[in-house]
Amino acid sequence: MKVGIVGSGAMGNGIAQVAAMAGNQVLVYDNKDEALEKAAAVTLKNLNKLQEKGKIENAETVFKRYQYISNMASLKDCDLVIEAIVENLSVKQKVFAELAFLVREDCILASNTSSLSITSIAASISHPERMIGLHFFNPAPLMALVEVIPAIQTKVGLVEEMKQLMLSWGKVPVVTK
């Protein structure tokens with residue numbers, strides 16, 4: 001699976017690590033090059049620590065699954081895009097409206113928000129049935145729980161699909177409203 005992450009801060013980078021360690025190709029997008037450079041350095045440091053502790057076999061192999069990008073259009077071929085940016089509804093709506101235009105119609109769009117309405121975010125995009133919340137707890141690589149939050153518009157079956165994906169990523173999914 002090709003997973004896009006919007007936002008390279010602590011949460012975005014942590015979610016990217018979870019996805020990459022589960023074997024997925026990961027594209028981490030940020031509109032700030034300095035943030036991407038910092039995220040890549042932190043990721044490599046964290047993966048090397050995990051290798052030293054014997055938690056992963058080869059840090060370089062996992063790191064090769066990452067691509068750090070500053071052009072949102074590079075997310076166009078993703079199967080799933082998870083947003084982890086500032087908790088501001090209008091900013092998220094703007095980002096998702098742009099994403100919905102760029103990605104395939106069957107690309108699943110997810111927000112890591114814990115406080116904003118997934119239904120309100122979904123209302124701002126074309127094909128809102130593909131919108132869902134995936135709320136990871138911080139730090140994402142260590143915390144097992146992930147809230148799976150459907151919007152009113154979320155298509156039947158997507159909640160179960162995301163629950164199964166989170167299980168395959170080693171997480172404990174809990175469906176919330």
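**Cores, loops and a buried arginine**

Student: Starting with His 127, is the residue buried, exposed or partly exposed?
Tutor: His 127 is partly exposed, with a relative accessible area of 30%. Keep in mind that this is a predicted model.

Student: Where is His 127?
Tutor: His 127 sits in the loop between α5 (118-122) and β6.

Student: What about phi of His 127?
Tutor: Phi is near 55° for His 127, which is a positive value in a residue other than glycine.

Student: Which loop holds Arg 130?
Tutor: The loop between α5 and β6 holds Arg 130.

Student: How far is the nearest side chain of opposite charge from Arg 130?
Tutor: That side chain is Glu 129, 5.9 Å away. Arg 130 is buried and has no salt bridge.

Student: What lies 2.7 Å from a polar atom of the Arg 130 side chain?
Tutor: The backbone oxygen of Arg 104 does. Leaving out residues up to four places away in sequence, Arg 130 also touches others, including Ala 100, Asp 106 and Leu 158.

Student: New topic. How many residues are in the largest nonpolar core?
Tutor: There are 36. Among those with the most contacts inside it are Leu 80, Leu 134 and Trp 169. Helix α1 (residues 10-21) gives the largest share, 6 residues. A second, separate core has 22 residues, including Leu 27 and Tyr 29.

Student: Which residues does Leu 134 touch?
Tutor: Not counting residues up to four places away in sequence, they include Ile 82, Val 146, Met 162 and Met 166.

Student: Which peptide bond is cis?
Tutor: The one from Asn 138 to Pro 139, with omega near 0°. Pro 139 is in the loop between β6 (131-136) and β7 (145-150).

Technical notes
Residues are numbered from 1 along each chain as its sequence is written. This is a predicted model: local features need pLDDT of at least 70, side-chain atom pairs count only at pLDDT 80 or more; totals for chains, interfaces and linings use all residues. Side-chain values use heavy atoms; hydrogens and water are left out. A nonpolar core is a set of buried Ala, Val, Leu, Ile, Met, Phe, Trp, Tyr and Cys residues joined through side-chain atoms within 4.5 Å. Buried means under 20% relative accessible area, exposed over 50%, partly exposed in between (1.4 Å probe, protein chains only). Helices (H or I, at least four residues) and strands (E, at least two) are DSSP runs, numbered from the N terminus. Contact means heavy atoms within 4.5 Å. Lys and Arg count as positive and Asp and Glu as negative; His and the chain ends are not counted. A salt bridge is a side-chain nitrogen of Lys or Arg within 4 Å of a carboxyl oxygen of Asp or Glu. A polar contact is a pair of N or O atoms within 3.5 Å; within protein, one must be able to donate a hydrogen and the other to accept it, and residues adjacent in sequence count only if both atoms are side-chain atoms.
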